[in-house]
Amino acid sequence: MSKRQRPDVSSPAFASGAKIRRVTTASAIYEQLHAAILSLQMKPGVALQEKRIAEEFGVSRTPVREALLRLAEAGLVEIFPQSGTFVSRIPVSAIPEAVVIRKSLERTTVEQAAEIATADDIARLDAIIARQRVHAALNEPSQFHEQDEAFHEAISVIAGYPGIWSILKTAKLQIDRARRLTLPVRGRMDSVIEEHVTIRDAIAAHDVDRARGAMMHHLSAVIPDIDELRLVYPGYFS
């Protein structure tokens, strides 16, 4: 049996190893900043300093710059060459279109889920709602939001359209930022749970019309919420 050949470290693939590591580092920085902006740990309008971020991650400024450019493309940061880089404010004008996109796609997933959901599928939704009740009782909005996402993703999976959720995650970025502001409001998490239960019950009953109506009502709540939020957090919106 011939000995396994050792890899040629002089080959172009290995020569580009530094670039591969740098891209990976940029992706890691992007993911962490992305999560911090969506969760509002980084508030709208806050300045982002390349040097400081690079120091915190222990890297050069190059991967930080790459991460910030990706965030700018996603609409989460704004880069002003003469002024600096800032977490973008939530663009109110973009919310209605995002809601339309979300309604259109989730109408499809909830209708299909209502037609084909199994007992195991309903049990999966029940488990998510149970976790939401726990997080609401403990006043844990971040964990609650994660389970909110899980609920809607589960409906996409039950429907057989998991790719729709991947599309929605990008389309609803600005909605998510605004919704994070609503969850600490007294009673809001309980309202979301009630809406989820209504959707769950319609799916379990295989009532397509009721499931569609419940989902549309649930998704419509974000627009009046934003009108109120702009009065409380005027500096967070543009």
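**View 1. Arg70 and the ring of Tyr30.** The charged end of Arg70 lies over the ring of Tyr30 at 3.7 Å from the ring centre, where a charge sits over a ring if NZ of Lys or CZ of Arg is within 6 Å of the ring centre and within 35 degrees of the ring normal. The model is predicted, local features need pLDDT of at least 70, side-chain atom pairs count only at pLDDT 80 or more, and totals for chains, interfaces and linings use all residues. Residues are numbered from 1 along each chain as its sequence is written, and side-chain values use heavy atoms, with hydrogens and water left out.

**View 2. Aromatic pairs.** A search of the whole structure finds 2 aromatic pairs (rings of Phe, Tyr and Trp, the last by its six-membered ring, with centres within 6.5 Å; planes under 30 degrees apart are stacked, over 60 edge-to-face, the rest tilted). The rings of Phe80 and Phe86 have centres 6.1 Å apart and planes at 55°, so this pair is tilted. Tyr233 and Tyr236 form a stacked pair, with 5.2 Å between centres and 15° between planes.

View 3. Phe80 is partly exposed at 39% relative accessibility (buried means under 20% relative accessible area, exposed over 50%, partly exposed in between, with a 1.4 Å probe and protein chains only). Phe86, with a relative accessible area of 24%, is likewise partly exposed, and Tyr233 is partly exposed at 30%.
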